[in-house]
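Morning, everyone. Let me put the model up, and then I'll walk you through how its pieces pack.

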Amino acid sequence: MTTTARPVVLPAPDRGEDLQVSVSAPATGGALPVIVFSHGFGWSMDGYAPLADHWAAHGFAVVRPTHLDSRRLGLPAGDPRTPRIWRLRVDDLKRVIDGLDALEAAVPGLAGRLDRDRIAVAGHSWGAQTASMLLGARVLDPGGVPGEDLSDPRVKAGVLLALTGRGGTDLSAFAAEHFPFMNPSFDGMTAPALIVAGDHDRSPLTTRGPDWFTDPYVLSPKDKTLLTLFGAEHSLGGVAGYEVAETTDENPERVALVQRLTTAYLRGVLHPDGIAWQEARSALENDPRPLGRLESK
């Protein structure tokens, strides 16, 4: 049995809006590893229930903040914070980690149950870009010089779903004009991460094809695993929600695979034994009709 509390509010006077989060966790048990999840563009703390519900049911505390780009907040395009939302998103995730004591106190029955030595970040699309910054990815300036290092040593691992690839000439003209922060360097993304990409994910943000979404794996250092989902588009089968209109490739079996493998991966990387991850890998490798493939470095 799991419980979800929302909204839980973390004061954020420098942000212009207090940070609202959703906290999902098992109803019982202690030493819960924490997953801080960053939503895709326009979503909120209520999105991605297929992932949050599954992770909570398997022993994780899942915290989903609502970023400033959420449709729920309705920030106008001319808001002075808009050009920096990518950076404020990173601050949101760090604010959650800084505020774990406050979250424990605010959520009935959660006090003393979070394990601060086992924190992971996860995200989808823009949320994956946000999460990757805490793992060591950096934004390159127009001259190719890496910007501020926003990595967080408290974060031990990540799950990056449909994370965009290289910037520069690989961006479409629209993306280059409107999203200059989409110019990452993965050289310093040293923390362990599972990167999930769909082999039918064709984005208007790039001049390339679906292989663009494998760049975070190819261009990052070791301790990375790539899950390529066969036939998956940007929604990866529907990870953002149940029966969501934006899902162009609805496939419950694919979502179930993402649920199982992300859960097993995080168990393996946050626990010393890793048996669950090895079993999940073997099950996929021995499946006569696999929905995807894994590779690691």
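Start with T130. Leaving aside its neighbours within four places in sequence, T130 is in contact with S38, R89, V90 and L93; contact means heavy atoms within 4.5 Å. A word on the source: this is a predicted model, where local features need pLDDT of at least 70, side-chain atom pairs count only at pLDDT 80 or more, and totals for chains, interfaces and linings use all residues. Residues are numbered from 1 along each chain as its sequence is written, and side-chain values use heavy atoms, with hydrogens and water left out.

T130 sits in helix α4. Helices here are DSSP runs (H or I, at least four residues), as are strands (E, at least two), numbered from the N terminus. Buried or exposed? T130 counts as buried because its relative accessibility is 0%. The cut-offs are under 20% relative accessible area for buried, over 50% for exposed, and partly exposed in between, with a 1.4 Å probe and protein chains only.

Now the helix pairs. Helix α4 covers residues 126-135, and its axis comes within 9 Å of the α2 axis, crossing at roughly 60°. Axes are lines fitted to C-alpha atoms, for helices over the stretch in contact, and angles run from 0 to 180 degrees between N-to-C directions. On the α2 side the meeting residues include W86, R89 and L93; on the α4 side, among them, W126, T130 and M133.

Next pair: helix α1 (residues 49-57) packs against α7 at an angle of about 40°, axes 10 Å apart. P50, L51, H54 and W55 are the α1 residues that meet α7.

On to the cores. A nonpolar core is a set of buried Ala, Val, Leu, Ile, Met, Phe, Trp, Tyr and Cys residues joined through side-chain atoms within 4.5 Å. The largest has 55 residues, and V21, V96, L135 and L160 are among those with the most contacts inside it. Helix α2 (residues 85-98) gives the largest share, 7 residues. A second, separate core of 34 residues includes L161, L194, L236 and A264.

Last stop, helix α8. Which residues are buried in α8 (residues 275-285)? W277, A280, R281 and L284. They line one face of the helix, because they fall within an arc of 100° seen down the α8 axis; the arc is that of the directions from the helix axis to the C-beta atoms. The face turned away carries exposed E279 and A283. The buried residues of α8 pack against β10 (224-229), α7 (252-270) and β11 (292-296).
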